[in-house]
Structure formats: structure tokens, C-alpha cells
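Look at the chain below. Follow its course from one end to the other, then read on.

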Amino acid sequence: MSIDWAALGQVFGVTLVVTVGIVGLFTLGIVGTSRTPRQEGAPVTAGAPGGAARAGAYACFALCAAAVAYGIYLIVAA
């Protein structure tokens, strides 16, 4: 029995990159949706995200869900 170390290294590398990417996307989604509503008279920088920021956060969540669904598809199809 022999181990293909190059293939094992490739699997480890791809897994690490994809995991960090998905966690990063999810973090961006949480940051985009976790702002508190802006108070009257408060500076513009300390408020709720605009429509584009919230849409970007939802897009991050959608990409995370798509990546998870694709992973499940790869496992089930085999």
C-alpha cells in the first residue's frame, strides 16, 4: 500500500482555500446585516448599511449556500 502524497497535498490545499473562502464570505454577510439602525442626528458612518450593502450581504449568504449545496451534490452523486 502506498500513499500518493502529492494528491493528498492537493486535497489539503484546496480544502483549506475553499474553507477559508466560505468562512470569509459568511463573515462578510454577517457584517453586512448586523449594523444597528441609525439614530436621528447621528453621523452617516454609524448607521445601518444601505441597500447595496444589504444586497451584497445576501449575495454572500447565497454563495455560501450554493457552495454547500454543490458539496452535498458531489457527495451524493458519487
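Angles over 145 degrees between two axes count as roughly antiparallel. Keep that cut-off in mind. The model shown here is predicted.

**The overall fold**

The secondary structure of the chain comes to two helices and zero strands. Helix H1 covers residues 5–33. Helix H2 covers residues 51–77.

How do two packed helices get described? By the angle between their axes and the distance between the axes. Here, the axes of H1 and H2 come within 8 Å. They cross at roughly 150°. That angle is over 145 degrees, so H1 and H2 are roughly antiparallel to each other. The crossing of H1 and H2 is left-handed.

**Across the two helices**

Now take single residues. Ile-22 has its place in helix H1. Along the chain, Ile-22 and Cys-64 are 42 residues apart.

| Pair | Apart in sequence | C-alpha to C-alpha |
|---|---|---|
| Phe-26 and Ala-65 | 39 residues | 9.6 Å |
| Thr-27 and Phe-61 | 34 residues | 9.2 Å |

Ile-22 has 25% relative accessibility, so Ile-22 counts as partly exposed. Phe-26 has a relative accessible area of 41%, so Phe-26 is partly exposed too. Thr-27 comes to 40% and is likewise partly exposed.

What share of the 78 residues in the chain is buried? Buried residues make up 9%. The accessible surface of the chain comes to about 6200 Å². Carbon and sulfur atoms account for 72% of that surface.

**A patch on the surface**

Which residues form a nonpolar patch on the surface? They are Val-68, Ile-72, Ile-75 and Val-76. Together they have about 420 Å² of accessible area. Val-68 has its place in helix H2. Its relative accessibility is 48%, so Val-68 counts as partly exposed. A patch residue needs over 30% relative accessible area, and Val-68 has 48%.

**To sum up**

The chain has two helices and zero strands. H1 and H2 are roughly antiparallel, and their crossing is left-handed. Val-68, in H2, is one of the residues in the nonpolar patch.

Conventions: Residues numbered from 1 in each chain as written. Predicted model: local features only at pLDDT ≥ 70, side-chain atom pairs only at ≥ 80, totals over all residues. Heavy atoms only, no water. Patch = residues over 30% accessible without salt bridge, like charges linked within 9 Å, V, L, I, M, F, W, Y side chains within 5 Å. Areas by Shrake-Rupley, 256 points an atom, 1.4 Å probe, with all protein chains shown as cover. Salt bridge = Lys/Arg side-chain N within 4 Å of Asp/Glu carboxyl O. Helix = DSSP H or I, 4+ residues; strand = E, 2+ residues; numbered from the N terminus. Buried < 20%, exposed > 50% of the residue type's maximum accessible area, 1.4 Å probe, protein only. Axes fitted to C-alpha atoms, helices over the stretch in contact; angles between N-to-C directions. Parallel < 35°, antiparallel > 145°, perpendicular 65-115°, else oblique. Left-handed = near helix turned anticlockwise from the far one by under 90°.
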